[in-house]
Every structure is written in C-alpha cells, then in structure tokens.
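Welcome, and thanks for taking a look at this model. Below is a short tour of a few of its features.

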Amino acid sequence: MNKIMALPVLYSLRNCPYAMRARLAIYASGQQVQLRDLVLSNKPAEMLEVSPKGTVPVLVTSNGQVIEESLEVMLWAFEQSDPDDFLDKANQNVLDEMLGIIAIFDNEFKGHLEHYRAAKRYHEPTLPEHREACESYLVQLEQRLCQQEYLMSDKPTIVDLALVPFIRQFARVERQWYLQSSYPKLRQWLNTYLQSRMFSKVMTKYPMWLDSKEVVVFGEH
C-alpha cells in the first residue's frame with residue numbers, strides 16, 4: 001500500500017479529450033498513477049489547492065511537482081519511460097515538428113471543432129461552414145495517412161495520441177456524414193485506436209474519487 005500511495009496522482013475527467021490524451025500517454029509509457037476521476041461541477045479541494053485554475057488533467061508527481069497541461073503530462077510520461085519510442089528520439093529535431101503539429105490542432109482546429117459541435121447542438125445553419133473549417137485540417141491528416149500507417153511514419157508517435165481524442169469528437173458530431181466522408185484512411189486510423197486494448201483501458205469507468213475516496217491505480221505495471 002505504501003508503494004501505491006507513493007505513485008503520482010492524476011486528476012482526470014473521463015470524457016475530457018485533454019485528460020484522455022494524458023491517460024493515453026501514461027498508459028503507453030507503462031507508468032502508473034493514482035487516478036482520481038471527477039466531475040467539473042464538484043472539484044476536489046485537494047486539486048484546487050495545487051492547481052487553482054480548476055481544469056483537468058492535473059498531475060502531481062511523486063516529488064510534488066504539479067503539471068497542469070495535458071501535453072506536458074504526455075511529455076512527462078514519455079520522459080519517464082518510452083518503450084515504444086513515441087518521441088522518436090533517434091530523429092533529431094522531429095520532436096519540434098511533432099509539437100508544432102499538435103500546437104496547430106490545439107490552437108486552431110480545436111476552436112473550429114467547438115463551433116462545429118455547438119452548431120450541431122443548437123441546430124444552427126452555419127453547421128456546414130464550421131464542418132468545412134475543420135475539414136481543411138483533416139485533409140492534411142488524410143494525406144499523411146495515404147503515405148504511411150500513422151501520422152508521422154509507419155509507427156505511432158505522440159502526435160497520434162495527442163490528436164485521437166479530438167478526431168474522435170469530430171467523428172461523433174455528424175456520425176452518418178463522417179462515415180460517408182472522403183477520409184477512409186483517417187477512419188481506419190481512428191478505428192485502430194478506438195478498438196485497441198489501450199483505449200479500452202483508458203476509457204474504463206471508475207467511481208468518482210470524491211464519492212468513494214477509492215485508490216485507483218491506472219496504468220500498466
């Protein structure tokens with residue numbers, strides 16, 4: 001039990017795409033954390049004390065470092081252990097390129113995606129316009145996947161894990177349109193992740209930590 005209590009603590013929200021990609025990286029890196037699932041309407045005082053901004057994910061490492069951004073959590077995980085080389089360390093300067101691609105999706109695509117989701121929810125006539133704005137980014141991914149199995153090469157990298165939760169959100173907005181859209185390689189890529197053991201583990205539903213205070217160990221041993 002002492003060994004478990006010494007593990008890093010991850011405050012998470014099951015369906016939040018940022019928390020999702022943090023969990024994906026932790027799982028892929030083989031790390032273990034104490035997972036504390038929450039709902040945003042009832043944030044633990046323990047989390048707000050270390051991270052007053054009140055968003056997830058928040059990782060508190062074993063030495064007390066607080067990491068508040070999902071991409072930083074991903075990088076932390078792979079810096080601890082990267083058995084499948086998600087950071088592609090053999091290729092110089094590739095990390096900067098990968099972080100640049102992620103930044104484009106975080107800073108540009110995500111905004112268009114939020115408009116698209118809102119347009120569907122509120123039945124706005126601007127829905128096709130917002131979908132097309134998203135598509136300009138999906139076209140680039142489809143082109144990459146026509147040349148290789150994953151977004152950077154024939155092996156997965158941090159880029160794939162970082163983008164999966166957001167492409168999943170896009171795919172769920174207009175399901176029938178998406179299934180008939182001209183992105184077969186993207187659909188195949190997304191399905192590979194959604195049907196994987198890793199995604200199943202990452203999306204396991206646990207009791208809310210504030211309700212149970214149950215110690216949940218997440219990640220591969």
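Is Arg131 buried or exposed, going by its relative accessibility? Arg131 counts as buried, at 13% relative accessibility. Here buried means under 20% relative accessible area, exposed means over 50%, and partly exposed is in between, with a 1.4 Å probe and protein chains only.

## About the model

This is a predicted model, in which local features need pLDDT of at least 70 and side-chain atom pairs count only at pLDDT 80 or more, while totals for chains, interfaces and linings use all residues. Residues are numbered from 1 along each chain as its sequence is written, and side-chain values use heavy atoms, with hydrogens and water left out.

## Salt bridges

Side chains of opposite charge can pair when their charged atoms come close. There are 7 salt bridges in the structure, each being a side-chain nitrogen of Lys or Arg within 4 Å of a carboxyl oxygen of Asp or Glu. One of them joins the side chains of Arg131 and Glu174, at 2.8 Å from N to O. Arg131 sits in helix α6 and Glu174 in the loop between α7 (158-173) and α8 (175-180), so this pair ties together parts that are 43 residues apart in sequence. Glu174 is buried too, with a relative accessible area of 16%. Helices and strands are DSSP runs numbered from the N terminus (H or I with at least four residues for helices, E with at least two for strands).

Salt bridges that share partners also join Lys110, Glu114 and Arg117 into one network. Lys110 meets Glu114 at 2.5 Å, N to O, and the two are 4 residues apart in helix α5 (residues 94-121), about one helical turn. Arg117 bridges to Glu114 as well, with the closest N and O atoms 3.3 Å apart; these two are 3 residues apart in helix α5. Lys110 counts as buried at 12% relative accessibility, whereas Glu114 is partly exposed at 31% and Arg117 is partly exposed at 26%.

## The largest pocket

The largest pocket holds about 170 Å³ of space. On a 1 Å grid over the protein atoms alone, a pocket is an open set of points where a 1.4 Å probe fits, with protein on both sides within 12 Å along at least five of seven lines, and lining residues have an atom within 4 Å of a point. Grid points are joined across faces, edges and corners, and the volume is the space filled by probe spheres set on the points.

Among the lining residues are Leu145, Tyr150, Lys185 and Trp189. Both α6 (127-147) and α9 (184-194) supply at least two residues of the lining, with the largest share, 4 residues, coming from α9.

## The sheet

An open sheet of 5 strands runs in the order β4-β3-β1-β2-β5, with mixed pairing. At its edges are β4 (66-67) and β5 (216-218), each pairing on one side only. Two strands pair if DSSP finds at least two bridges between them; β3 (residues 58-60) and β4 run antiparallel and are joined by 2 bridges. Val60 has Val66 as its bridge partner in β4.

## Cysteines

The structure holds 0 disulfides, a disulfide being a pair of cysteine sulfur atoms within 2.5 Å. For Cys16, the nearest cysteine sulfur is that of Cys134, 17 Å away, which is too far for a bond. Cys16 is buried at 12% relative accessible area, and Cys134 is buried at 0%.
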